[in-house]
Every structure is written in structure tokens, then in C-alpha cells.
Amino acid sequence: MSGSLDAYLLLAGALFSIGVFGFLARRNAIAMLMSIELMLNAVNLAIVTFGAFVPALTTHASVIALMVMAVAAGEATVGLAIVIAIFRNRRTPLVDEYDAMRE
Amino acid sequence: MTSADLTALAPLLAVLGVAILVLAVDFVLPGRDDLAVALGVVGIVVVGAVTWATGGGVDGAIQSAFGGSYAVDAATTFLDLVFVVIALITLLVAPDYLGPRGLPFAEFTVTLLFAISGAFLIAGSADLLVLFLGLELLVLPGYMLAGFHKREGLSTEGAIKYFLLGSFSSAIFLFGLAFVWGFTGTTRIAEVAAALAGGPLGPGLAMGLAFLTAGAAFKIAAVPFHYWTPDAYQGSPTPVTAYLSTGPKVAAFALILRVFVESLGGIRAEWVGAIVVLAALTMTLGNLVALTQSNLKRMLAYSSIAHTGYILVGLAAFAAEPAGDPSRSGLEGILFYTAAYAFMNLGAFAVVSALQRRPGVTSEIGTYAGLIRREPVAAVLMALFLLSLVGIPPTAGFFGKAYVILAAVQSTDPAVVALAVLAVLNAAAAAFYYLRVVVFMFMREAPEGMPPVGLGGILRERRLFLLWTGLAAAGVGTVVLGLYPVPILEMVVKAAAALVAPG
């Protein structure tokens with residue numbers, strides 16, 4: 001089934017799962033941010049795949065993919081700004097240690 | 001672009017215009033916070049007037065723009081007006097909190113207004129892509145607002161938790177959206193509904209639907225997707241918490257109305273079970289954990305989770321309706337509840353914001369002892385908001401709860417009727433922790449020698465005048481929606497009709 005719609009969608013699903021796993025398993029805020037980017041790129045791969053294999057979706061796919069890229073860039077910007085802000089206060093990027101409010 | 005397009009876009013353009021105006025004025029005249037306050041408050045009132053004047057559904061007509069991807073119907077106008085109220089009360093209450101702490105007000109206004117423009121975009125989206133853009137435009141400024149007190153550890157800690165889980169859930173939602181688009185071949189909400197109408201659900205679409213549900217559940221903070229809520233709400237500056245607990249929540253319900261009711265409404269038998277479980281878990285866990293909290297902001301955060309559960313009861317009541325011509329009372333319940341919730345929750349957080357760090361008061365419940373003697377008006381208002389959150393007549397909260405629970409009781413689905421019973425039990429349990437605060441304020445004595453709280457002097461200090469105006473607005477809303485809900489009910493009925501109207 002190589003070269004089929006299903007194969008690429010499975011790849012996108014695998015990438016997305018790696019992203020989810022990274023987000024849940026890593027304790028470094030930057031690594032979690034990277035995992036989110038991986039998830040968004042998996043979404044983009046799925047979108048481009050639909051565009052490549054389903055003729056009716058071809059024109060829409062590139063527009064949607066571009067939009068997702070723009071959103072991902074915006075999210076990364078805000079995220080890095082917040083990580084820098086908390087690093088200045090706490091001197092650590094490890095989310096385990098952000099526990100001032102735990103009851 | 002035609003003039004019809006402009007009419008549909010007028011509220012959105014107005015809110016963006018005000019935001020850009022405040023930004024520009026702050027560039028030219030930096031540090032003039034009083035000017036930013038005036039422009040922001042007057043601007044949002046103008047936005048409200050524009051929304052009202054150009055609103056859809058006055059005669060049942062739907063105005064659309066951008067080739068039909070943005071449409072203003074009665075539901076859009078109703079939700080937009082709720083957002084305007086939320087923004088207005090937040091802007092009135094905020095200067096008193098931000099000013100003494102050295103936080104810039106112009107940036108606050110601009111960030112808040114951009115977030116509101118995202119909420120407007122969600123409320124009017126007729127296309128899943130526009131909906132996602134609106135969602136991002138709503139949450140990105142929200143993350144910034146949560147970390148607005150950037151030199152304070154708690155604020156940035158709340159912000160990073162909000163950001164990480166928020167963008168995680170956005171990615172999940174987007175993944176679901178990509179699959180729904182891929183397998184239905186369209187992003188238009190009406191066309192997705194039409195594509196789903198024929199035939200059973202394929203595996204790809206089912207997966208897309210599951211991801212959409214999980215993403216939306218994160219955004220409304222439904223259990224078990226609620227972990228970010230208490231920390232984000234407790235850590236944020238209190239006026240921001242007031243906004244975060246109402247604005248993004250109402251917007252997330254607007255998203256649910258567009259995606260689940262309009263686009264996936266035809267296959268509601270497929271997702272009603274998930275909503276029933278989410279609603280039951282959300283209200284029960286929210287209330288149980290709220291019982292044990294000693295910090296008022298954290299308690300109100302868990303209480304807002306519980307209220308999400310009550311609103312979901314309305315959604316479950318709609319989803320359990322048989323195919324064909326469904327009863328709309330569940331949807332009407334959701335819409336009315338969001339308006340009532342906006343007033344009472346904003347009011348409660350506004351009182352906390354006003355009192356925080358005034359002499360002898362923090363956000364710990366114990367410091368509210370004897371408040372009735374120290375600051376009687378604030379204590380009475382707080383009691384009003386808390387009683388409304390409990391759901392005691394004749395307040396807005398009572399009507400909201402009655403509406404969703406009645407809709408659920410009338411359902412033919414036994415699971416939804418059981419959910420209504422659970423909601424009533426929950427409301428009774430919740431009374432305990434809300435009334436505990438009232439007991440502290442009215443029946444305990446303050447420690448000896450406490451200075452006055454110092455919220456008087458309305459006429460001398462402009463910030464206090466704005467604060468009391470905001471509190472009064474929330475109080476009047478809470479009472480009026482309870483005593484004379486007829487005008488709002490008329491709007492709600494029209495809005496719900498627009499949501500299930502064919503086409």
C-alpha cells in the first residue's frame with residue numbers, strides 16, 4: 001500500500017502520536033513546545049496528503065496547510081515568550097518545578 | 001466586497017478598529033493609561049451599539065460575508081452581545097487592580113479586544129477554517145493575558161500551564177478538523193452537515209469526530225480535560241481570571257454550537273453518550289473539589305468547571321432529541337445560561353479583584369470574615385453573585401439552571417433524565433461552599449483593629465468610580481436576568497431557532 005492515501009495518513013497519525021507522547025512524557029517546557037509543533041506538522045502532512053490523493057481537495061489543501069503554518073508560527077512565538085518570562089522568574093525550564101499552586 | 005458584506009462584518013471591524021485605535025494612541029502618547037481606559041470603555045460600548053444595530057435575526061435574515069464563510073444570524077448577535085458585556089465589565093474592573101501594581105492598561109485593553117475579535121469570529125463562523133482561526137485569535141491573547149503580571153511567579157506559572165495545554169488541545173482539535181475535511185470534502189459547516197446526512201459514519205470520520213470532541217472538551221474545561229483550569233485561574237491577575245472564566249468559556253460553547261449542533265447535529269445520536277458522561281463527570285468533580293478549597297479564586301475556578309457541567313446538560317438534552325424536528329429548549333438553556341453565567345461569574349471575580357490586597361484582605365476565604373461591617377456594599381454584592389451561582393431565585397443563575405434542567409427532564413432518553421437528577425443533587429451540594437463564603441462575610445467577626453477596606457471615595461478616584469460601575473453592571477445584570485428575563489428569552493429563542501434552521 002505504499003504510495004497510497006492510507007499509507008501517508010498512517011504516517012501522519014504516527015507523527016501525531018509521537019508528538020502526543022513527547023508532550024506527555026517530556027518535562028522540559030521547550031521540548032513540550034517542540035512536541036506541539038510536531039503535532040501541528042502531522043496535521044499539515046495529513047492535509048497535504050488529502051490534497052495530493054483526492055483531486056477535489058487539491059486547491060483547498062495548499063491554502064489550509066499555509067494557514068496552519070501561520071497559526072503554528074504564532075503559537076510558537078507566544079509560547080517562547082511565556083517560557084522566557086517564567087524562566088526569568090524561576091531559573092528552570094522544567095515544568096515539574098512549577099508547583100507553587102499545588103494544593 | 002459589497003455593502004451586505006460590510007454589514008455582516010461591522011461588529012468585527014468595530015472591535016478591531018477600537019483595538020488598533022488604542023494601540024495607535026498608546027504609541028503616540030505612551031503611558032496615558034487614563035486615555036486608554038476612556039477609549040477602551042467608550043469603544044466597546046460603540047461596538048455593542050454597532051452589534052445591536054446591524055445584528056442578524058432582527059427579521060430572521062442571515063447576512064454573510066467572504067463568500068459565505070462568515071455569517072451573522074440571531075445566534076451570532078446574541079453571543080456577540082454577551083462578549084461585549086464581558087469585555088466591558090472586565091475593562092471597568094481592571095484599572096483598579098492593574099494600576100497600583102504598575103501593570104500597563106493600554107496593552108491590557110488591546111490584548112483583550114483582539115481576543116474578543118476572535119470570539120466574534122467564532123460566533124459568526126460558517127466555515128470550519130474560519131472557526132479555527134477565530135479560536136486561535138481568541139486563545140493566543142488569552143495566554144498573554146494570563147501571564148500579564150510577568151514579574152510575578154504565579155502569573156507566569158498559570159500562563160505556561162494554560163499555554164501548553166491550550167495549544168496541545170488546539171492541535172488535537174485541528175487534527176480532527178483535518179480528518180472531517182478530508183472525508184467530507186468541505187469545510188463549510190452547512191455542507192459538512194449535508195455530507196454527513198447520508199450513510200453511516202466511516203472510521204476516518206469517526207476518528208475526526210473523536211478528536212474534535214476532545215479538543216472542544218479541553219477548551220470548555222470539561223473533566224477529565226480540566227487540569228489547566230485551577231492553576232491558570234488562580235495564577236492570573238484577578239481581572240484576567242474574571243475574563244478567562246467567562247470569555248473563552250462562552251466562546252468555546254459558541255464553537256460547540258457551531259460544530260456540534262450545526263455541523264454534526266444530524267448525527268447527534270453518535271455523540272450524545274460522550275456528552276452525557278462528560279457532563280456528569282464535570283459537574284460532580286468540579287463541585288467535590290471546590291468543597292475543599294480555601295482560596296476563593298481556586299474555589300471559583302472549580303465552580304466554573306461545575307458550571308461547564310450544567311451547561312453541558314443543556315447540550316445533552318438537545319443531543320438526545322430524536323432525529324427530525326428537535327425540541328430546542330436545550331439549546332435555549334445553553335444560550336441563556338452563558339449570559340447568566342457571564343454576569344454572575346464576572347461579578348464574583350470582580351469583587352475578589354477589588355478586595356485583593358486591600359488592607360487585611362487576600363484571596364483566602366478566611367480574610368473575608370466580617371466583611372459586612374468593613375465594606376457592606378461589596379459584601380452584599382458578593383452575596384448576590386454567590387447566591388446566583390448557587391441558583392437561588394430570583395437571580396439569573398436560578399433561571400439558567402432551571403432552563404437546562406427542565407430541558408433535560410423533558411427528554412425521552414432516561415440517561416439524560418438521570419443527568420438532570422444529578423444536576424439537581426450537584427446544585428444542592430454546591431450551595432455548601434458558596435454559602436460558606438457568605439457565612440464568613442456576614443456572621444464572623446473581623447479581627448480586632450482592622451482598618452477600613454477603603455473602597456469608598458468613588459468621586460475622588462476615577463479608578464474606584466469605574467470599579468463600582470463595573471460591579472453595579474454585573475449586579476444589575478444578575479438581578480434583571482432573574483426578575484425580568486423576557487427580553488433575553490426572546491433573543492435566546494430566536495438564536496436557538498437560527499442554530500437548527502435548515503441551510
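The structure holds 6 cavities of 30 Å³ or more. A cavity is, on a 1 Å grid over the protein atoms alone, a set of points where a 1.4 Å probe fits but cannot get out. This is a predicted model, in which local features need pLDDT of at least 70, side-chain atom pairs count only at pLDDT 80 or more, and totals for chains, interfaces and linings use all residues. Residues are numbered from 1 along each chain as its sequence is written, chains are lettered from A and ligands numbered from 1 in the order in which they are written, and side-chain values use heavy atoms, with hydrogens and water left out.

**The largest cavity**

- The largest cavity contains about 100 Å³ of space, where a volume is the space filled by probe spheres set on grid points joined across faces, edges and corners.
- Its lining residues (those with an atom within 4 Å of a point) include Leu135(B), Tyr162(B), Phe218(B), Trp228(B) and Pro248(B).
- Helix 5 (128–146), helix 6 (153–184), helix 8 (203–220) and helix 10 (238–263) of chain B each give two or more residues to this lining; helices are DSSP runs (H or I, at least four residues), numbered from the N terminus.
- Helix 6 of chain B supplies the largest share of the lining, 4 residues.
- By class, the lining has 9 nonpolar, 2 polar and 1 charged residues; Ala, Val, Leu, Ile, Met, Phe, Trp, Tyr, Cys and Pro count as nonpolar, Asp, Glu, Lys and Arg as charged, and the others, Gly among them, as polar.

**The second largest pocket**

- About 600 Å³ of space lies in the second largest pocket, a pocket being an open set of points with protein on both sides within 12 Å along at least five of seven lines.
- The pocket is lined by 25 residues, of which Lys161(B), Leu165(B), Tyr227(B), Trp228(B) and Asp231(B) are the closest to its centre.
- Both chains take part: helix 1 of chain A, together with helix 6, helix 9 (228–235) and helix 12 (296–319) of chain B, each give two or more residues to the lining.
- Here too, helix 6 of chain B gives the largest share, 4 residues.
- The lining of this pocket has 16 nonpolar, 1 polar and 8 charged residues.

**The interface of chain A and chain B**

- The contact (heavy atoms within 4.5 Å) takes 39 residues from chain A and 43 residues from chain B.
- The two chains bury about 3,500 Å² between them, 81% of it on carbon and sulfur atoms; buried area is the accessible area (1.4 Å probe) that two parts lose on being put together, summed over both.
- In chain A, Glu75(A), Ile82(A) and Met101(A) lose the most area to chain B, together 20% of what that side buries.
- There is 1 salt bridge between the chains, a salt bridge being a side-chain nitrogen of Lys or Arg within 4 Å of a carboxyl oxygen of Asp or Glu.
- Arg90(A) forms a salt bridge with Glu157(B), and their closest N and O atoms are 2.8 Å apart.
- On the side of chain A that touches chain B, helix 1 (5–25), helix 2 (29–53) and helix 3 (58–90) of chain A each give two or more residues.
- Helix 3 gives the most to that side, with 16 residues.
- That side of chain A has 30 nonpolar, 5 polar and 4 charged residues.

**Backbone exceptions**

- Most residues other than glycine have a negative phi, and most peptide bonds are trans.
- The peptide bond from Val223(B) to Pro224(B) is cis, with omega near 5°, and Pro224(B) sits in the loop between helix 8 and helix 9 of chain B.
- Pro393(B) and Pro394(B) are also joined by a cis peptide bond, with omega about 5°.
- Arg91(A), in the segment after helix 3 of chain A, is not a glycine but has a positive phi of about 65°.
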